[in-house]
Amino acid sequence: MTSYRLPKGGLIDRQSRLGFSFDGQSVTGHAGDTLASALLANGRQLVGRSFKYHRPRGILTAGAAEPNALMTIGSGGRTEANTRATMQDLYDGLEARSQNRWPSLDFDIGSLNGLLSPFLAAGFYYKTFMWPAKLWEGLYEPFIRRAAGLGKATYEADPDRYEKRWAHCDLLVIGAGPAGLAAALSAGRAGARVIILDEHSLAGGSLLSEAATIGGESAPAFAKRLADELETLPNVRVLTRTTAFGWYDGNVVGAVERAQKHVRHPDPNKPVERMWRIVAKKALLATGTEERPLVFGGNDIPGVMIAGAMRCYLNRFAVAPGQRTAIFTTNDSGYALARDLEAAGVQLTAIIDSRAESQFVYTGKARLLKGAVVSDAKGGKALSSVNVTAANGATEAIAVDALAMSGGFSPIIHLACHRGGKPQWSDVHGAFMAPSETRGLVLAGAVTGTTGLSASFAEGAARGATMAQDLGFAAQPFDAGPVDGDIVASPASPLWNIRGVKGKAFVDFQNDVGRKDLGLAVQEGYGDVELAKRYTTSGMATDQGKLSNVTAIGLLAEARGVSPAEVGTTTFRPFYTPISFGALTGPHHGHHFQPVRKSPLHDWAKKHGAVFVETGLWYRSSWFPRAGETSWRQSVDREVLNVRTNVGICDVSMLGKIEVCGKDAAEFLNRVYSNAFLKLPVGKARYGLMLREDGFIYDDGTTSRLADDRFFMTTTTAYAAGVMTHLEFCAQGLWPELDVRLASVTDQWGQMSVVGPKARATLQAIVDGDISDTAFPFLAAKEVSLFGGRLHGRLFRISFSGELAYELAVPAGYCESVADGVLQAGKEHGIQPYGVEALSVLRIEKGHVTHNEINGTVIPSDLGFAKMVSTAKPDFIGKAMLGREGLVAQDRPSLVGVVPLDPTTTFRTGSHILAKGAAQTLENDQGYVSSSAFSPHVGSTIGLALVKSGHARHGEEVVVWNGLSKEFTVARLCNPVFFDPANEKLHV
Amino acid sequence: MASLIPCPHCGSRPKEEFTVKGAALARPAPDAGTAAWIDYVYLRDNPRGAYEEYWHHTSGCRRWLVVSRNTATHEISGSRDVVLKLSAEAL
């Protein structure tokens, strides 16, 4: 390849030599290069294929708006698709691959799509692929997806670290160009806490590509001196390679810092990207402008480039754009490029200025064609000539291999529109300007329409100083000094439609949307800006139309015969540029995705061979397999039978536990539970039902009175946090006059249940006091001394299984040794640990409910708890709404047991209950099985179900129907209490 | 939604620390009648502009707050602890 690197100039380190690869080919560049500048320096203009027509595409811009030069960078888990070569700093060993081509970039079969272009115009998929509908999945969609595409994401895990952090400052400056640097210095020198960020690797913005001098110093050197001074100020933070992607309520700006995306081997102890959330007392938007392309035929041929980008490659990277260049401009900025090209010794053939009246005094050597336009560019994979239409209509072809175009400037106002403000069209500027109301976000520099370096420095300095003064700092505006050699481009009239165009003229390069597509949209009734976007796809994909939107709006306006003001813009939303999932995720993935909660008996259970199950954040022991057991059912059946005949121990630590204290604690509980708690004696536990205000059951659990003014509440595992929040609302918001204090003690107490006919004998061995039925009857709840006074715990005689049962709570740290002590004490009684599966079987056998039944649609009477709704209490949560018509209806679904007629048959939870003989359709649904299990006690599957009038239908034969797996089981409804309905075992 | 919520006890904090419950309504008296209760439990105004909501500083001081938020601009004009009186509108 020919080298296009100029012999001198540029902000590159010519001593360094960075080797990289493009499509497997080895090339080199210098430190200071971007991937794009290094490719251009190597004469590589063709860098990608377009989205729809697979047209050859080159590098169009030098910044964030790049629509064409999207590449896949890196390999393995570090593969990153759709990376803009213009924003990627070069590093040694960088691997880049072009996209959307097969078999190769130079020879791409997909380019045949170009021949089909008459059929692929805007809206083609709405028209061409309408029917038959079934071909969509099999044929059309796979075809379209294969043909039209960007890069492919990797399936491998990303090995790198990402982090998120907050920052607070007095003044945030977004954009470190002339205005931004002047503002940051003005405020920073006065001591304000300033953060200034810029998306490029160096601060300086347009100064880095500028040939003018400031106070006799070159613009890049001046920018460096300012940035260096900012770096020395302890109250100022300069963030480069950092893109502010969104402006949010409360003047919070989100930004991503690409901290290690420019190095070959990222330091594993540091993040590759850091997401900042910056809380700014004041914020300044100094983001400059985006230069617009011009819509002539073949404007996408490699070699055609935005004028400002060409100037950037020339001055900042010392890259010549070609051997024979031309400039097509609508404004004076083209002359700055002309001067710089000629100064660098690059041959400039012609300047085509669309303005017949142009007043600019051009003194260079190139031909100047006033009032002329480039109608078409010619060439295949590289530009070879341009067809120029002169003011008088005459045409001529000019041989060039590089063409710069400037269609005017659009302020980069995206962030200023993120909080709902609408951009305002300005005829003066020929551009959309920021909303008039920007609520605390101040703009300075080119983004306000200001032109020229002097004015931008002055405006930035003034704004920065004023904002610092508003915050109480004695700030003075920074004085940049005299600027020499700045060609100031005043706004010029936009040129939307160009005469004489014959070839494909692109508006949106990334989506292959041409000028004709927009005309078609208007013609077919989709001329509204939002409709046109969807109809043509203009402004979609990774660049979101940064380069194309304003031109598209201009063309729509002309086609509709209205002003761009009337067309308006689509909505600006974050993100300004694509943000990696890694940055958004930060460290919250894998083990850090969510916390893992382990009971204080987790290691104890593990020691005894537990199989664990994840329930929410918790790990619970499911069952404890023993040698010879080959299925979980064998283990669970054994555990259940052992509890029913001997004694078992189970970890129930994950139940929510809340201490309710204060002299009004009893009154408080009386109001949050539907049943009475006011007169619960000290030393007693009571089962409580908590309703929502709409009358439906919220949660249940036992609450024990430990002292007059102290209660110990348990909640279900799943609702522990919710109940705590609910109680806090009641205590703080509803009844602040009650003296009540709440404390979550879930993690402070470990709790185990000791269950079975031999539970008392087991526990008596470690509990110091008498726990006989007389001394410690059913529902007793007391603090007890353990192991001869070595430890105190809380003992509750409550039962979820229907057996003689206790729950023993001890401080979490002692839990494991106490559980081992219980096992030791119960050895002679045949004690075995059991898990949550056996716990579930035991409770279904006893007809006890959980959140399977408390499903948000049941009221107390549905579950047979009608007596737990106090009629005496004047008020409790849910009372007022319980009397509603639908809640007192006789045929409400209610809790019932269900057993198969043939004990060898079974059914599953979730199956529907149908009347015997009813057709198997959902219209005949009468309820569903809410819980089911194999019951060793009954000898078959048993279930709890919520069935229409269930309580009155015991004995009725029904069908349990599972429509999904097409199973049905003949069954009988019955009393939901399968075990010891007389509750004799509880009271032994 | 606002990025930051001012807590009268903890200062300005990220919204992720808070949980919203909804309109800051006063609970009717137990005998207020079905209509008042249906209103309280189910019916909500959806105003454009000023709105008072209950927010819980879940990952902070765990106090319930009344936050005054503008539904159109997301601007938060203030917040106070729930024990302080509700505004006349809510009552």
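**Close-ups of a predicted model**

View 1. Strand 38 of chain A passes into strand 39 of chain A through a hairpin of 2 residues. Strands here are DSSP runs (E, at least two residues), numbered from the N terminus. The two strands run antiparallel, with 4 bridges joining strand 38 to strand 39 (residues 710–715) of chain A; strands count as paired if DSSP finds at least two bridges between them. Look for Ala707(A) and its bridge partner, Arg710(A).

This is a predicted model, so to speak of local features we need pLDDT of at least 70, and side-chain atom pairs count only at pLDDT 80 or more, while totals for chains, interfaces and linings use all residues. Residues are numbered from 1 along each chain as its sequence is written, chains are lettered from A and ligands numbered from 1 in the order in which they are written, and side-chain values use heavy atoms, leaving out hydrogens and water.

**View 2. Strand 38 also pairs with strand 37.** Strand 37 (residues 685–691) of chain A runs antiparallel to strand 38 of chain A, joined by 7 bridges. Leu689(A) has Asp700(A) as its bridge partner. These strands form a hairpin with 5 residues between them, and Gly695(A) in the turn has a positive phi of about 100°. In strand 38 (residues 697–707), 9 of the 11 residues are buried (under 20% relative accessible area, with a 1.4 Å probe and protein chains only).

**View 3. Leu172(A) sits among its contacts.** Leaving aside neighbours within four places in sequence, Leu172(A) is in contact with residues including Ile195(A), Val253(A) and Lys282(A) (contact: heavy atoms within 4.5 Å).

How values were computed: Buried means under 20% relative accessible area, exposed over 50%, partly exposed in between (1.4 Å probe, protein chains only).
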